[in-house]
Amino acid sequence: MSFEYAPAPESRAITNIKPKYGHFIGGKFVAGSKHFPTINPATEEILSQIALAGKSDVDAAVKAARKAYNSTWSKMPGKERGKYLFRIARILQERAREFAVLETLDNGKPIRESRDTDIPLAAAHFFYHAGWADKLEYAGLGSSPKPLGVAGQIIPWNFPLLMLAWKVAPALATGNTVVLKPAESTSLTALLFAEVCQQAELPAGVVNIVTGDGSTGALIVNHPGIDKIAFTGSTEVGKIIARSVAPTKKSVTLELGGKGANIVFEDAAIDETVEGIIDGIFFNQGHVCCAGSRLLLQENIAEEVLHKLKKRMEKIRVGDPMDKNTDVGAINSKEQLAKIVELAKVGDAEGGQRWSPACELPKKGYWFAPTIFTGVTSAHRIAREEIFGPVLSVLTFRTPQEAIEKANNTPFGLSAGIWGEKGSRTLWAAQQLRAGVIWTNSFNKFDPTSPFGGYKESGWGREGGRHGLAAYLKSVSNEKGVM
Ligand code: NAP
Ligand code: MG
């Protein structure tokens, strides 16, 4: 007997997308001069026109942030700052459905994920940091840690509102003011967040949002009025930013790419592991910096795991992101799709064996079927480079030592997963792995109390938890702020 899912589309009636947006500077929306379209990648429908910030807009935003820093925010007692963060967190919860629908329309991710992961975690980030605002002297960062000043923040398109929350919440809790630029293809939830700042009556200029492309990002990075740069995005742009700020007094945190190893030992509970592998690579279409994109299977169980993995992949529902049944939505942009297609072709050419379940992809929009490559070695480009799509590279190993060597054989070091019942071995493996976040018998679990960040080319500094506060504070022992 076969069971068919009836469509269960979420309504978009709750959103009110304006035909055109400006920037949010000094507590007000100001008109932009040039505009570019933002689209729904699942349908290619133009949703709105987004303003492209140039030098004068970035100057105005930095000026507003400096004024707010000097006149109110840095002087306000932490207890009072915390009240604003609590207020923002509660409004995000109240308007969660509106945010989830807007995020899914603009980004292409399944509504199930924006509703159950992105938006609740964004609110959780504000709640968590609201709690810190009046307790900073107990954070272990000196008796009287001070804010850095104006923070320039640049975020990517894969978790638009959540990455905003990761940046804005700690900056505000620690008394800094902000100029933030969302990614070109996903500005809408940041602009809705600007409305939330107004609704929370956040003092004007504490949060400024300028939209635009890489050139706007570069204007922020190079602005002399900015004290700290917080960037999440590609390693390539991260390196450009590191070079730009090196001769300046700016402090910097970089959250960059990854090529996470997901290691399965022979004693792993296979069915649960298969769920973890699926979640590790197909969550958010694989547009996840900490994705478990390299699966390392112990050789004697590889066949069984792959058999079960393929059966499970046949059940993945790819399609309309607004449908509550959908597991994998649209690829965020035409450019990203082209990158995934190209790297998958390289996988073929280098001798990997490609497999995807039979699945019908919608005609319009940007789509890529969930894919695995077997027969991959550490030398293959698809084992070394970030694909940032729903593509899993499968490697095998014989001994735990070999698993560690293969897992660490990467320029990145953001995340890793370990599957196995034997606690002594999973703990041993976790100690050997050079990765900032390591999950055992789970994957892609996020919590605002837990620091997140990478080794090597995956970045500098940590976001979240007590460690994340350090990146926005100068203490006696750390005059310039932690990198
Ligand atoms: P990206 O091209 O580096 O873009 C990230 C942000 O930087 C965007 O807002 C982008 O603007 C802006 N930008 C581009 N060029 C710039 C420049 N020269 N100076 C300043 N800003 C510039 O990365 P992406 O392709 O959007 O995002 C995917 C990457 O982000 C992946 O490599 C992924 O691993 C990484 N990522 C890392 C984390 C983490 O926490 N470690 C989290 C999520 C994503 P435009 O959008 O206009 O290009
Ligand atoms: Mg879009």
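Okay, first thing: why is strand β10 (residues 251-255) largely enclosed by the rest of the structure? Well, five of its five residues are buried, so the rest of the structure largely encloses it. By "buried" I mean that 20 or more other C-beta atoms, placed from the backbone, lie within 10 Å of a residue's own. Strands here are DSSP E runs of at least two residues, and helices are H or I runs of at least four, numbered from the N terminus.

Quick housekeeping: this is a predicted model, where local features need pLDDT of at least 70, side-chain atom pairs count only at pLDDT 80 or more, and totals for chains, interfaces and linings use all residues. Residues are numbered from 1 along each chain as its sequence is written, while chains are lettered from A and ligands numbered from 1 in the order in which they are written.

Back to β10. Ser 251, Thr 253 and Glu 255 point one way, Val 252 and Leu 254 the other. Who are the neighbours? β9 (residues 228-232) runs parallel to β10, joined by five bridges, with Ile 229 opposite Val 252. β18 (residues 459-460) is antiparallel, with two bridges to β10, and there Leu 254 stands opposite Trp 460. Pairing, by the way, takes at least two DSSP bridges.

Now, ligand 1. It's surrounded by 28 residues, counted when the C-beta atom, placed from the backbone, lies within 6 Å of the molecule. Among the closest are Glu 184 and Cys 289. Helices α7 (214-221) and α8 (235-245) each give two or more residues to that shell, and α7 has the largest share, four residues.

Definitions and conventions. A residue is buried if 20 or more other C-beta atoms lie within 10 Å of its own, exposed if 12 or fewer, and partly exposed in between; C-beta atoms are placed from the backbone.
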